[in-house]
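Here is a short report on a protein and its ligand. Look at the overall fold, then the helix contact, then the ligand shell.

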Amino acid sequence: MSRAKVQAHYNEVAEVYDQRYDLRQGRLYHQHLSRLVLDRLPNRGFLLDLGCGTGLFIDHYHTLGGCAVGLDISPGMVGMARLRCPESEFLVGTADVLPFDDEIFDSVASLLAFTYLHDPEAMLRESYRILKPGGRIAICALSWNMLTWMVPFFYRLGERLGYNKIGMGDFGEHYYTGEEMEKMFSEAGFVDVSSARCSFAHYTLSPRLFGIAQRCEPFIEAHIPYLAFNVCVSGKKE
Ligand SMILES: C[S@@+](CC[C@H](N)C(=O)[O-])C[C@H]1O[C@@H](n2cnc3c(N)ncnc32)[C@H](O)[C@@H]1O
C-alpha cells in the first residue's frame, strides 16, 4: 500500500469529507464514535489525535474544554482542520513516526484511520512512548466481520470503474478483529486493554434505513456485537 496514494486521495476528498461528516447523518455517525472514544479516555487532558482528518474529533474535544494536537498524513485534511479549529495545533505526518518527546500527552485518540496504517505496531509503540504514565489510548476503526471483509474488494472495484468517492480505492486497508487489536495493544506494552464492537447505522444509508438502524444500534452493540462494523479498543500505559 502506498502512503502517497492515501495522502493524494484524502487531499482530493478533504472538502467533501468535511461536509459529509459535519451534516445530518454523517454528524450523528461521527458523534457516536467520538462519544465511545471519549468514554474510554477518562483522563482527557492534553490529547493527540492520530489520523485527525479535518479535525472533527478535536473540535468536539474543544467544546468539552480539552486541549489537543492533531496529526494526519494528508495536507488537504490538515488544511481543513486548521480552518475548523484555528486554536489547535495540527501537523502533517505519519502516525507511525511521531515528532514528539517522550511522555508529554495524557491521551491518544484515533478514529477511522487505523486500517490505513502500514505499520500499526509502530503506531502503538510510538503512542506508548509519547503518553505519560497512566495515560490512555482509544482507537475506533472499521473492523473485520462477515459484512466488512468484502468492502476492500468493492473499493478496488470502484476504483477500476472510475468512482471517486470517499475511501474508494486500493489502499491495502486491513480490517482487524477486536482480539487482534487487543493483542497488538498488549504487545506494545499497554495494560487494562479491552475492546467493544460498535456502530450499526452507517451514514450512507437512506434516511429511513439510517433511522431504523440507529434505533437498533444500542441493542446490536449490547447483544449481537458481531453485526456492529466498527471496533473501539483502549488501553493504559502503566
Ligand atoms: C476516514 S479518515 C478519518 C479522519 C478523522 N479521524 C475522522 O474521524 O473524521 C482517515 C484519515 O486517516 C489519515 N491517514 C491515513 N494514513 C495515515 C497515516 N499513516 N498517518 C496519519 N494519518 C493517516 C487520512 O489522511 C485520513 O485523514
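## Overall fold

This is a predicted model. Of the protein's 238 residues, 41% count as buried.

The protein has 8 helices and 7 strands. Its radius of gyration is 17 Å, close to the 18 Å from the globule rule for 238 residues, so the protein is as compact as a globular protein of that length. The C-alpha trace spans about 45 × 40 × 35 Å along its principal axes.

## Where α1 meets α2

Two packed helices are described by the angle between their axes and the distance between the axes. Helix α1 covers residues 3-22, and helix α2 covers residues 24-39. Their axes come within 5 Å and cross at roughly 80°. Angles of 65 to 115 degrees count as roughly perpendicular, so α1 is roughly perpendicular to α2.

On the α1 side, the contact uses R20, Y21 and D22. On the α2 side, G26, R27 and H30 take part. By class, this contact has 3 charged, 2 polar and 1 nonpolar residues.

## The ligand shell

Which residues come nearest to the ligand? They are G51, G53, S74, L111 and A113, out of 20 residues around the ligand. Two elements give two or more residues to this shell: α1 and α3 (56-63). Helix α1 supplies the largest share, 4 residues.

By class, the shell divides into 14 nonpolar, 4 polar and 2 charged residues.

How values were computed:
Residues are numbered from 1 along each chain as its sequence is written. This is a predicted model: local features need pLDDT of at least 70, side-chain atom pairs count only at pLDDT 80 or more; totals for chains, interfaces and linings use all residues. Axes are lines fitted to C-alpha atoms, for helices over the stretch in contact, and angles run from 0 to 180 degrees between N-to-C directions. Angles under 35 degrees count as roughly parallel, over 145 as roughly antiparallel, 65 to 115 as roughly perpendicular and the rest as oblique. Two residues are in contact if their C-beta atoms, placed from the backbone, lie within 7 Å. Ala, Val, Leu, Ile, Met, Phe, Trp, Tyr, Cys and Pro count as nonpolar, Asp, Glu, Lys and Arg as charged, and the others, Gly among them, as polar. A residue is near a molecule or strand if its C-beta atom, placed from the backbone, lies within 6 Å of it. The radius of gyration is taken over C-alpha atoms; the globule rule is 2.2 Å times the number of residues to the power 0.38. A residue is buried if 20 or more other C-beta atoms lie within 10 Å of its own, exposed if 12 or fewer, and partly exposed in between; C-beta atoms are placed from the backbone.
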